[in-house]
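Good morning, everyone. Please look at the model on the screen while I talk.

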Amino acid sequence: MAFGIQRIRVSTSGEMLESTANAYLAWIGEQAILIDAGYADSARDIIDVANSLGVTITDICLTHYHPDHSLGAPGVARQFSCPIHCHPADRVDLEKLYESAIPKEILWQPMVCSDLIPDSSIRLGDTSLRILHTPGHTHGHIALLHEPSGILFSGDTVIPGGTVWIGPPDGHLRTYLNTLDTLMDVPCTRIYPGHGDLVAEPAPLILAMKTRRLFREQQILNLIRNHARSVDDLVDLLYTDTVPKDLRWVAVKTVEGHIGKLLEENRIELESRLHADHPKYRCS
Ligand SMILES: [Zn+2]
């Protein structure tokens, strides 16, 4: 039977860096799997699209726990009496988020099944989607691969035209770069990303995303060598003209991600432990 994909663009109302996110229905016959679910008010749209396609959602797979991908899931789960799956490493954060943001009457039990185990598969009609652990944006980030067609649902790991945000504590840059390397070896022909349009040529994009990170890293290393000492110094030098004031924290976290990687690789070191709140760095 034919394998269908329906993209559902959901608004993120300017709350996140991206103004829209994608949810996808992957279906065969009358069975569908929902991949990501947008904000809470996206549930209605997703249910409407499923109804108009005449499909029943049997599983909801979240690529990661972030609210622009996950808050719509309980409303959909309640409608279709289906489980919500995420990777075990994102489960605690997802449950915390649901407890704080989802009204009790909407939560559906079993709310979350932590059964998105890497290299296992989730059944869809006579085919299946393989779970790939793609950490870096969050620790439990996953992507789903339909092997017969090479279609990859990449979540926030690969995004066309933009940079994926990798900031601690969720993000880990070295892990993320390893994930990009892993994805280069995955036989994928098209990417359906968590934000933005379909990617028809995955390999050049994945390579460009990695190159951009390494270029930024080299810039940071050069600035530290030239006496930029702190995260604030680096943010001032790298982002002054490009990042509005209210998004400075994003730039700070991004630089912290780079600093973390350079420290782990012993390429920079702490200059002094005296001011723990405002650490200063130098090249090793
Ligand atoms: Zn995210």
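First, the ground rules. This is a predicted model: local features need pLDDT of at least 70, side-chain atom pairs count only at pLDDT 80 or more, and totals for chains, interfaces and linings use all residues. Residues are numbered from 1 along each chain as its sequence is written.

Start with the domains. The assignment gives domain 1 (3-200) and domain 2 (217-283). Such bounds come from an automatic or database domain assignment. The C-alpha centres of the two domains lie 32 Å apart. How many residues of domain 1 are in contact with domain 2? There are 8, and they meet 9 residues of domain 2. Contact means that two C-beta atoms, placed from the backbone, lie within 7 Å.

Now the core. We call a residue buried if 20 or more other C-beta atoms lie within 10 Å of its own, exposed if 12 or fewer, and partly exposed in between; the C-beta atoms are placed from the backbone. A nonpolar core is a set of buried Ala, Val, Leu, Ile, Met, Phe, Trp, Tyr and Cys residues joined through C-beta atoms within 7 Å. The largest one here has 56 residues. Among those with the most contacts inside this core are Leu 34, Ile 60 and Val 76. Strand β2 (residues 20-28) gives the most to this core, with 5 residues. Helices (H or I, at least four residues) and strands (E, at least two) are DSSP runs, numbered from the N terminus. Another core lies apart, with 11 residues, including Val 231 and Ile 268.

Next, the strands. Two strands pair if DSSP finds at least two bridges between them. β2 and β3 pair in the antiparallel sense over 5 bridges. In that pair, Leu 25 stands opposite Leu 34. The hairpin has 2 residues between the strands, and Gly 29 takes a positive phi near 60° there. On to β4: 5 bridges join β3 to β4, and these two run parallel. Here Ala 32 stands opposite Ile 57. Is β3 enclosed or open? It is largely enclosed by the rest of the structure, because 4 of its 5 residues are buried.

Now helix α3. Its buried residues are Ala 73, Pro 74, Gly 75, Val 76 and Ala 77. What covers them includes β3, α1, β4 (56-61) and α4 (88-101). Take Val 76 again. Leaving aside neighbours within four places in sequence, Val 76 is in contact with residues including Leu 34, Ala 37 and Ile 60.

Two residues with positive phi come next. Asp 36 has phi near 65°. Asp 36 sits in the loop between β3 (31-35) and α1 (42-53). Ser 81 has phi near 50°. Ser 81 is in the loop between α3 (73-80) and β5 (84-85). Which is buried, and which is exposed? Asp 36 has 28 other C-beta atoms within 10 Å, so Asp 36 is buried. Ser 81 has 10, so Ser 81 is exposed.

One more aspartate. Asp 59 is in strand β4. Asp 59 is buried, with 23 other C-beta atoms within 10 Å. The C-alpha atoms of Asp 59 and Asp 36 are separated by 11 Å.

Last, a peptide bond. The one from Pro 168 to Pro 169 is cis, with omega near 5°. Pro 169 is in the loop between β10 (151-155) and α5 (173-184).
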